[in-house]
Amino acid sequence: MRRRSLLLAAPALALSLPARAAAATPFALGVASGDPGPSGFVLWTRLMPAPAAALPDQPVPVEWMVAEDEGFRRPVARGQAMALPAEAHSLHVEVQGLRPGAWYHYRFTALGEASPAGRARTAPAPGAADPLTIAVANCQQYEHGFYAAHRHIAASNPDLVAFLGDYIYEASWGRNLVRSHASPTARTLEDYRARYALYRSDPDLQAAHAACPWVVTWDDHEVSNDYGGEIGERERGAPFLARRAAAYQAFWEHMPLPRSAKPVGAGARIHRRIGLGGLAQIHVLDDRQYRHPQACQPPDRGGATRVTFDQCAELADPARSLLGAEQEAWLSDGLARESVRWTLIAQQTRMARLGSRQTPPVYWTDGWDGYQPARARLLSQLAARRRDQGTPLVLGGDIHAFLAAELRPDFDRPETPACAVEFVATSISSQNNARYALPFAADPHIAYADASRRGWLSLRLTARDAVATMMALDNPLDAASGASALARFAVAQGLPRLEAA
């Protein structure tokens, strides 16, 4: 995509093109915004006609407009971008020159058609501490349920959605499926593009994207189940890296990410920081690309397993990292330098320790329990920070369950003060057979866990406190499902401790 940004002082671009039937809209996948800054945000769309029709195998000019009003009578920025065939005719327009902390409306025009309109808000000005609401979501296996959660997220008018991975699923699995991928496991670039197009065709997901900016990261299913670094469950070496390159390219093509996140081969930098004025800073992590492979993998495959410390000495190896040495150093530097009310660590999975109830406990190696010294390094730094550097909140997903916990560098010393609070959002639709029974005698830092419900987490941040509400669907198999609050917790700014709210 090539673009040029024009403020109102520049000549206006003509937007009147020959009208076409609405059924032939090239905007069948909707619109989105992401990664807000105090002066702008990223705008996204992908040209894909509906009903299906071929686009020309050449660049297509697309005009975009940002306005202060939903009628687009007060435009503040506009320009033209080229949707390129090599990027699946996707657009990533990085708009600048806007006011901080302000809501705007945006739309695109191409091939004689106007897109649906979306709303986006710029980040607050440096130092501003106005309240914000963030919807935290993850894990939306298309076949397992409908996206009623996204319909409710859109209706709740959040300031931001933080999506923590498993936006698509590369393969089919599960029981009592309500709809179908209608294609085999994704392995090629065209496979992944088709899978994203299927998911993004859902009207409720489109509504949530159009409602506010999203901050996204990936987990494993954007590529393949439980992959770690350069090793998949059944593939490794050049074949796996070719698959990873295709998956990363398709991810970028379908997300509201800046051009700096575009993959180069099988690599892409998506860890980054999103500043929200003086209220909060989000450290967005990547726990897949740079990690050491999971500890003590079975001889016949890669991926995760469940082991005890006696069975697997690698669990205690301090050289092993979930984030990789470079990303660990980047995170450490950011945590040392910041000064905000709330430090948000947006990552893919559960950080709190949770072993099985048997003795000795068994640990799942795909998450932080498989990288315990690396987790202790991070939590030790959080414990050593000054209070004015930000109260840490760890946001997670992946486990298809709600969870709330207090985090400590040494979980075997529950009498020590917590250094952070963790909130895990359950899946949007992905199934889970697990059943949690509180309390966890060996892991008393976990205050709440429920794997039986699907939904999302609503996080309200103010200068004084953070309130996390676990929003659960009545029935994820019903597209018209209602939703209600399942549990609610509060954290006072400056005191990382869970309280019922």
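Of the 501 residues in the protein, 60% are buried (under 20% relative accessible area, with exposed meaning over 50% and partly exposed in between, using a 1.4 Å probe on protein chains only). Keep in mind that this is a predicted model, where local features need pLDDT of at least 70, side-chain atom pairs count only at pLDDT 80 or more, and totals for chains, interfaces and linings use all residues. Residues are numbered from 1 along each chain as its sequence is written, and side-chain values use heavy atoms, leaving out hydrogens and water.

Now for the overall build. The protein has 6 helices and 25 strands (DSSP runs numbered from the N terminus, helices being H or I of at least four residues and strands E of at least two). The C-alpha trace spans about 70 × 50 × 40 Å along its principal axes. Among contacts with a separation of 6 or more, 72% join residues 24 or more positions apart; a contact here means heavy atoms within 4.5 Å.

On to charges. Side chains of opposite charge can pair when their charged atoms come close. The count comes to 29 salt bridges, each a side-chain nitrogen of Lys or Arg within 4 Å of a carboxyl oxygen of Asp or Glu. Take Arg385 and Glu338, whose closest N and O atoms are 2.9 Å apart. This pair links distant parts of the chain, 47 residues apart: Arg385 sits in the loop between α6 (372–384) and β18 (391–396), Glu338 in the loop between α5 (325–337) and β16 (342–346). Both ends are tucked away, with Arg385 buried at 12% relative accessibility and Glu338 buried at 6%. Arg243 is buried too, at 6%, and forms a salt bridge with Glu235 at 2.7 Å between the closest N and O atoms.

What about Glu499 and Arg497? They form a salt bridge with closest N and O atoms 3.3 Å apart; Glu499 is partly exposed at 40%, and Arg497 is partly exposed at 41%. Elsewhere, salt bridges that share partners join Asp219, Asp287, Arg288, Arg291 and Asp366 into one network.

The largest pocket holds about 860 Å³. On a 1 Å grid over the protein atoms alone, a pocket is an open set of points with protein on both sides within 12 Å along at least five of seven lines, a cavity is a set where a 1.4 Å probe fits but cannot get out, and lining residues have an atom within 4 Å of a point. Grid points are joined across faces, edges and corners, and a volume is the space filled by probe spheres set on the points. Of the 34 residues lining the largest pocket, Arg306, Trp364, Ile399, Asn432 and Ala434 are closest to its centre.

The second largest pocket has a volume of about 300 Å³. Its 18 lining residues include Leu382, Ala383, Ala418, Cys419 and Pro496, which lie nearest its centre, and α6, β18 and β25 (495–500) each give two or more residues to the lining.

Finally, the structure holds 1 cavity of 30 Å³ or more, with about 80 Å³ of space in the largest cavity. Strand β10 (residues 132–137) supplies the largest share of its lining, 3 residues.
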